[in-house]
Amino acid sequence: NWNEEWEKNIDVIKVSDNLVIKPTFKDHIQNGNETVIIIDPKMSFGTGEHETTKLVLNYVEELELKEKKVLDIGSGTAVLAIAAAKFGAEKVTAVDNDEWCYINGLENIERNSVSNQVEVMCGEIKDVRQKDFDIILANINKNILIDIAEEISKIISAKGILILSGLLKEDENSIKAIYEKKGFLFINKKVLNEWIALKFAMRL
């Protein structure tokens, strides 16, 4: 039974002191001001267990999101989009080119009562019509990040913040070089085991 096996391997994930991700079938007692995100990933990426998801979520916790427009590229379960909404973003667009991720994303935003803030799209970055995103999150593989660098630069606002992950430590210099050529300024990075997340801002 695939579902039974899947449920055995999914647990409550404590991302930080203030953020927990749990599936519907596991109990968790909320502690104080803790933010709890409910995710049933099924066949989508983004349970919070992988290092890159944790790294981007740590950035999401730190960002000033109030009244901000956020884009989550390669959204998977929509966990990053849901976190952005829960931490105050005004409008979040979650886009993934996998139809199963699209369906799963819709389920998860309903579970977390953020449907008014989060729009889930099935498609690619070129299908996103909105421009001037204040914050863009992209937790996908290195080759795709290279391919979409130009498109990202065109839809981020003049003072926008970009968080990239899905990257190994050895990917840092090549990704930085490509994005700096597109007008981004490297701010800092987060590291967890062999994985990294990079933060950029648009050069003013």
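Asp72 touches Ala78, Leu80, Ala81, Thr93, Ala94, Val95 and Leu137, leaving out residues up to four places away in sequence; contact here means heavy atoms within 4.5 Å. This is a predicted model, in which local features need pLDDT of at least 70 and side-chain atom pairs count only at pLDDT 80 or more, while totals for chains, interfaces and linings use all residues. Residues are numbered from 1 along each chain as its sequence is written, and side-chain values use heavy atoms, with hydrogens and water left out.

You will find Asp72 in strand 4 (residues 69-73). Helices (H or I, at least four residues) and strands (E, at least two) are DSSP runs numbered from the N terminus. Asp72 is buried yet has no salt bridge, and the nearest side chain of opposite charge, Lys91, is 13 Å away. Buried means under 20% relative accessible area, exposed means over 50%, and partly exposed lies in between, with a 1.4 Å probe and protein chains only. A salt bridge is a side-chain nitrogen of Lys or Arg within 4 Å of a carboxyl oxygen of Asp or Glu. For charge, Lys and Arg count as positive and Asp and Glu as negative, while His and the chain ends are not counted.

Apart from neighbours within four places in sequence, Leu63 is in contact with Ile135, Ile161, Ile163 and Lys199.

Now to the aromatic rings. The whole structure contains four aromatic pairs; rings of Phe, Tyr and Trp (its six-membered ring) pair if their centres lie within 6.5 Å, with planes under 30 degrees apart counted as stacked, over 60 as edge-to-face and the rest as tilted. The ring centres of Phe184 and Phe200 are 6.3 Å apart and their planes meet at 75°, so this pair is edge-to-face. Because Phe184 lies in strand 9 (residues 184-192) and Phe200 in strand 10 (residues 195-202), the pair ties together parts that are 16 residues apart in sequence. Phe184 is buried at 0% relative accessible area, and Phe200 is buried at 0% as well. Tyr179, Phe184, Phe186 and Phe200 form one aromatic cluster. Over the ring of Phe186 sits the charged end of Lys176, 4.1 Å from its centre; this requires NZ of Lys or CZ of Arg within 6 Å of the ring centre and within 35 degrees of the ring normal.

Finally, look at the charges. How many salt bridges does the structure hold? There are 10 salt bridges. In one of them, Arg111 meets Asp40 at 3.8 Å, N to O. Arg111 lies in helix 4 (residues 99-111) and Asp40 in the loop between strand 3 (35-38) and helix 2, so the pair ties together parts that are 71 residues apart in sequence. Arg111 is partly exposed at 27% relative accessible area, whereas Asp40 is buried at 6%.

Glu150 forms another salt bridge, with Lys182, where the closest N and O atoms are 2.9 Å apart. That pair links distant parts of the chain, with Glu150 in helix 6 (residues 149-155) and Lys182 in the loop between helix 7 and strand 9, 32 residues apart. Glu150, Lys154 and Lys182 are linked in a network of salt bridges.
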